[in-house]
Amino acid sequence: MPSSSEHISTARFTFGSRRRWLGVLLLTALLHILLIVWGGRQFDAPLSVERRDHIVMTNIAALPPVEKPVLLPQEPKAQPKPSPQPRPVAAIKPRPAPEPAVEVPDTPIRETVTPIVEAQPAAPAVADAAGSIADTKPPTEQPGPVEPPQPAAAAGKHYQTSAPPSAELKYKVEAVQKGQNYHGSGKITWQTDGANYTINGEAGALFITVLDFKSGGEINGFGVAPVVYTQKRFRKPPTETTFDRDHNSIVFSSSANKYPRSGGEQDRASVVWQLASIGRGDSSQFSPGAVIDLFVAGPLDAETWRMQIVGQEQIDVDGDQRSAWHVIRIPEPGSHEQRLDIWLSPQQEWYPVKLRFTETDGDYLDMSLSNLKPLNPNGLN
């Protein structure tokens, strides 16, 4: 029979174990609650982030497409002359075989008389052949190739123009080619007597002439009207573009292309001075967003250049801040032509105070005016 002391120790042990297990259960429940709350905050609670969308409103005016040039048909190539037929070699007549020796027969030869009948010519056959030849008529002469009709040239657009006075413009040249920077100088000489003009230009870097060009022509109702344009690039042969007045066509020395000429066409040197003449003739023709389409011929081809007037900008001209009209020509997508940026200064007779030629790969040639000298108009070359 167990004693009373053993009963008391057993009861104490049972009570203590229950308290211990109860504490473990409470601690476990508390940990589960904390875990649930922490998980809800990590996965269920939305993030309140305020985002502000910046909306830029702009109006893009749709422009009509650039007019495509029309090529004139090329002249048919001359047919090669037929090579002379070799003379027939006369057939070599065989030599007659020697007559065999006649043996004298032993028996005497009896004389025979055979009547000789003269052969009559075949007259009817010859007559029939002659009649057939007489009845045959000579073939009629074939007409030569008929040239297709030439398309009528579209009439050029007239602008109010006034050519700038003669001047010599010197430029600081900065060029970037294949990541390398080059510095040099350039010069454009513009001379006009009011009826004719000449342009002589060159740009060089590191004592090398990168570009050399010349243009000459008239000043007429269209403004600057070139007659001959020559261009020489570094390590490339010179080219010549002719605006033929007699045949109303534009031809190239290094290309078979041919375009109609109707007036108002430009070359790559005169186009800058035509824009200056338009601005100087009536400044209202220049306004932000305005477009001037000019048909421009280069060394090998010609196309319509869409000149877009960006607006007036303040640029540095030989240390002075001047207001200039910024005009750009951006080639059509896919073209390998260069982009042209022109800055014309109304304060300086609309002379081109800055030019930039940018290639499709990012290389560019920048010309910034450094000196301006007026010239005597009577000194026209």
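Phe-286 and Trp-325 are both buried. In this predicted model, the two form an edge-to-face aromatic pair. Phe-286 belongs to the loop between H3 and E10 and Trp-325 to strand E12 (residues 320-329), so the pair ties together parts that are 39 residues apart in sequence.

The structure holds 7 aromatic pairs. Another of them joins Tyr-259 and Phe-295, whose ring planes stand at 65°, so this pair is edge-to-face. Tyr-259 is in strand E8 (residues 255-260) and Phe-295 in strand E10 (residues 291-297), 36 residues apart. Tyr-259 is buried, with a relative accessible area of 4%, and Phe-295 is buried as well, at 18%. The two pairs are set out below.

| Pair | Centre to centre | Angle between planes |
|---|---|---|
| Tyr-259 and Phe-295 | 5.8 Å | 65° |
| Phe-286 and Trp-325 | 5.9 Å | 70° |

Ring pairs also link Trp-190, Tyr-197, Trp-273 and Tyr-351 into a cluster. Trp-273 is one of the buried residues of helix H3. This helix (residues 270-281) has 12 residues and reaches 16 Å from its first C-alpha to its last, close to the expected 16 Å. H3 is mostly covered, with 10 of its 12 residues buried.

Charged side chains also meet rings. Lys-354 lies over the face of Trp-343, 5.1 Å from the ring centre, and the charged end of Arg-356 sits over the ring of Tyr-364, 5.4 Å from its centre.

The largest pocket has a volume of about 1,400 Å³. Among its 49 lining residues, Leu-211, Gln-231, Arg-233, Gln-338 and Glu-359 are the closest to its centre. By class, the lining has 29 nonpolar, 8 polar and 12 charged residues.

Methods. Residues numbered from 1 in each chain as written. Predicted model: local features only at pLDDT ≥ 70, side-chain atom pairs only at ≥ 80, totals over all residues. Heavy atoms only, no water. Helix = DSSP H or I, 4+ residues; strand = E, 2+ residues; numbered from the N terminus. Expected span 1.5 Å × (residues − 1). Buried < 20%, exposed > 50% of the residue type's maximum accessible area, 1.4 Å probe, protein only. 1 Å grid on protein atoms, 1.4 Å probe; cavity = no way out; pocket = protein on both sides within 12 Å on 5 of 7 lines; lining within 4 Å. Points joined across faces, edges and corners; volume = space filled by probe spheres on them. Nonpolar A, V, L, I, M, F, W, Y, C, P; charged D, E, K, R; others polar. Phe/Tyr/Trp six-rings, centres within 6.5 Å; stacked < 30°, edge-to-face > 60°. Lys NZ or Arg CZ within 6 Å of the ring centre and 35° of its normal.
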